[in-house]
Amino acid sequence: QSEDSDKSSAESDSETEVEQVSGYHKLLATLKTSPESESEEEEDESESEEAEESEAEEVDSEGSQEAGGGEGGEEDKNDVPEEEEGTTDTAEQMLSQEQADGTDTSCDPRHGVMEEFTDVKHESEFSLETNFMEEESGDYNADRKESNPFKQHMDKELEEKEIEKMSTLPKTSSQSQWPRLGQLIFSSTLEKHKALKTDKEVDVKQLHLHKPLESTWPKVNKPFLSAVDKPSDSSFTPLQRELFCIMNSYRDLFYPERNALTNGEEIRHTYCLHALNHVLKANAQVLSNNAKRRDRKPGTDTDDHRDQGLTRPKVLMIVPFRECALRIVHVLISLLEVNDKKKIDVSNKKRFKGEFGSDPEEKPPNLKRPEDYEAVFAGNIDDHFRIGVAILQKSMRLYAPFYSSDIIIASPLGIRTVIGAEGEKKRDFDFLSSIEILIIDQADIYLMQNWEHVLHLMKHINLLPLDSHGVDFSRVRMLNLNNWCKYYRQTLLFSALQDPQINSVFNKHCFNYAGQVAVRNVPLTGSISHVVVQLPHVFRRLEADSVTSVIDARFQFFIDKVLPEYRDAIMSHTLIYVPSYFDYVRLRNYFKKEDLNFTHICEYTKKAAVCRARRFFLKGEKQFLLFTERFHFYKRYTIKGIRNLIFYELPTYSHFYSEICNMLKATDSGVDATWTCTVLYSKYDAQKLAAVVGIDRTAQMLQSKKNVHLFVTGEN
């Protein structure tokens, strides 16, 4: 197979297809359901060298046919075409099962592709058109205060000249320092809005929460409050208070400091509160107007009841794994249940728990993995799912058809297979036309899955629908009829890191007239301070004219300046860490052409070849090991035998830098003095560089064009 580094767009697309379904399903399946591969890992990390050898020989005999050849990872070159073929079939099978409403093709990793299930039984019960406001739910008009954020945002009538201004003029920005969030950048195209300030205390009654959220939120959020030393607030943690203040102002938000170990659940609860508050208010408005239309005198016609979009879904939540969807639904149910006696009716709850829950017995025991890995990969980690949720007063319907849903929870892959691609017969994205709140949680994980799916979604959201889907046009807001929905959509973006691709989505695909708020704190120390081995770090700067040319410039710099220094046999045991799969393929092809003594491991490498490659590298039979970032993200194996490290590019996750460096201590051979670490960087890597070495060193390194030598003693 030709895998030339200068890939055409068609080749790039085919590589993307590799990742769409089968590649990552196979990879994720090994995380969850392959105790044998994990036991291999445990054995391989045991202190006994004999055990390692015998295990590797056993694997060699088992996997000789599928691996084909003695070089560790050699079968890798055939992996991509295999994946590509499988992907096409799988995607077609899934799409052939789609219904016109574009609902869930449940793909359970334990049972394969299941038949699609859509709840049609409860359609009339959850219909917004045929239901009316219940007395005890309270009159929607009682919440028509001028300060009600929902009313303020959705009822504002933009003018043509304002839309033109937002489409053509650049945004103006201002900075602010908040106690918990830190440095905030406020930006907007329209005239400056009044400054947003956070209060030290928040009275739940002043937040205009819809019933029953005023009473349920403090109870649901209590576990997080008990973790705060001296809570100044009876209902929000300091982080939640400031985040909700921005969410409730209907501005877009980018928060790049989400941490699965520390604040992930706090954040999840906060955006669930905001999303549910929005849905309850929007539905209450429709039900209240239904009653008014029913009671009006015959012959009277009014245009006052424009209260909905062209399609019903209002909130889209993008999350990486089924476990995340499970937790979101649990939070939503808890927020709707006033007390233990007043349980809400949840349709299809048992089915949902079966398909989105996980079996604790499936997880292999005694795995040594970092805490953050355990937190990210907890529960059911299947990444192909979507589910519609309808909420009406005191009831919730899971597996609602998309056009009867208020909230859609999906993974990027799950939503991509419904949207489809140009030219496909079975594709649907009309249900995205009237999304008012888009929540993208754990955005950094999609960089490790397939970022193209996120971009594909952003291109298809808030477009005019191709079909009317039975909408009553007399009830549709003018903003939707004018195709201005994207200027009202609020986007909430949460990530564990700053990344140019994530920044680009926030800057180029968010058009909210209310403006944007981005948290922009700079790292003071960097992950290099967590390196515990004595190691000289050499940061080598390469020059490039543009972001696009840096890929070729890095490759050229590596083969001309860096690699010649490592060709000598004395520089054996060299691990080359490569974040991009395309860079990995390019390097692998070059190493083969130059007939270098190397082995390689990537996310597509079969487990037998991984085991063999690690053994060859440890024994010194192979001088170089090419190693991809995605493999490390999904597996977190400790690679033994490293003496020389080359970071072909800075890691996406800054803590991977210290993790990889600390692998050197896994081989206790008393050769500390010969250890080396070389890092390639350019001026376009400022964010990644700051996350590794801290902001002060970054500023110095970007000003100077010389190589920078740092020596970490294990104590800084």
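This is a predicted model: local features need pLDDT of at least 70, side-chain atom pairs count only at pLDDT 80 or more; totals for chains, interfaces and linings use all residues.
**Figure 1. The whole chain.** Welcome to the overview. The secondary structure comes to 25 helices and 20 strands; helices (H or I, at least four residues) and strands (E, at least two) are DSSP runs, numbered from the N terminus. Of the 716 residues, 58% count as buried, where buried means under 20% relative accessible area, exposed over 50%, and partly exposed in between (1.4 Å probe, protein chains only). The accessible surface is about 30,300 Å², and 49% of that belongs to carbon and sulfur atoms; areas come from the Shrake-Rupley method with a 1.4 Å probe, and for residues only the protein chains shown count as cover. For contacts (heavy atoms within 4.5 Å) between residues at least 6 apart in sequence, 79% join residues at least 24 apart.

Figure 2. The side chains of Arg268 and Glu265 meet in a salt bridge, 2.7 Å from N to O. The term stands for a side-chain nitrogen of Lys or Arg within 4 Å of a carboxyl oxygen of Asp or Glu, and a search of the whole structure finds 23 of them. Both residues lie in α10 (residues 264–295), three residues apart, about one turn of the helix. Arg268 is buried at 3% relative accessible area, whereas Glu265 is partly exposed at 22%.

**Figure 3. Two salt bridges between separate parts of the chain.** Arg636 pairs with Asp372, the closest N and O atoms being 2.7 Å apart. Arg636 lies in the loop between α22 (629–635) and β18 (644–647) and Asp372 in helix α13 (residues 371–376), so the pair ties together parts that are 264 residues apart in sequence. Arg636 is buried, with a relative accessible area of 7%, and Asp372 is partly exposed, at 21%. The other bridge joins Arg630 and Glu603, with 3.7 Å between the closest N and O atoms. This pair links distant parts of the chain, with Arg630 in helix α22 and Glu603 in the loop between β16 (598–601) and α21 (607–619), 27 residues apart. Arg630 counts as buried at 12% relative accessibility, and Glu603 counts as buried at 6%.

Figure 4. Helix α9 (residues 238–247) is mostly covered, with nine of its 10 residues buried; among them are Leu239, Arg241, Phe244 and Met247. Now for the rings. Aromatic pairs are rings of Phe, Tyr and Trp (its six-membered ring) with centres within 6.5 Å; planes under 30 degrees apart count as stacked, over 60 as edge-to-face and the rest as tilted. By this rule the count comes to 31. The rings of Trp217 and Phe236 have centres 5.3 Å apart and planes at 40°, so the pair is tilted. Trp217 lies in helix α7 and Phe236 in the loop between α8 (222–225) and α9, so the pair ties together parts 19 residues apart in sequence. Both Trp217 and Phe236 are buried.

**Figure 5. An aromatic cluster.** Ring pairs link Phe321, Tyr373, Phe377, Phe633, Tyr634, Tyr653 and Phe656 into a cluster. Tyr653 is buried, with a relative accessible area of 6%, and Phe656 is buried too, at 0%.

**Figure 6. Charges over rings.** Arg322 lies over the face of Phe356, 4.6 Å from the ring centre. The charged end of Arg351 sits over the ring of Tyr399, 5.9 Å from its centre. The rule asks for NZ of Lys or CZ of Arg within 6 Å of the ring centre and within 35 degrees of the ring normal.

Notes: Residues are numbered from 1 along each chain as its sequence is written. Side-chain values use heavy atoms; hydrogens and water are left out.
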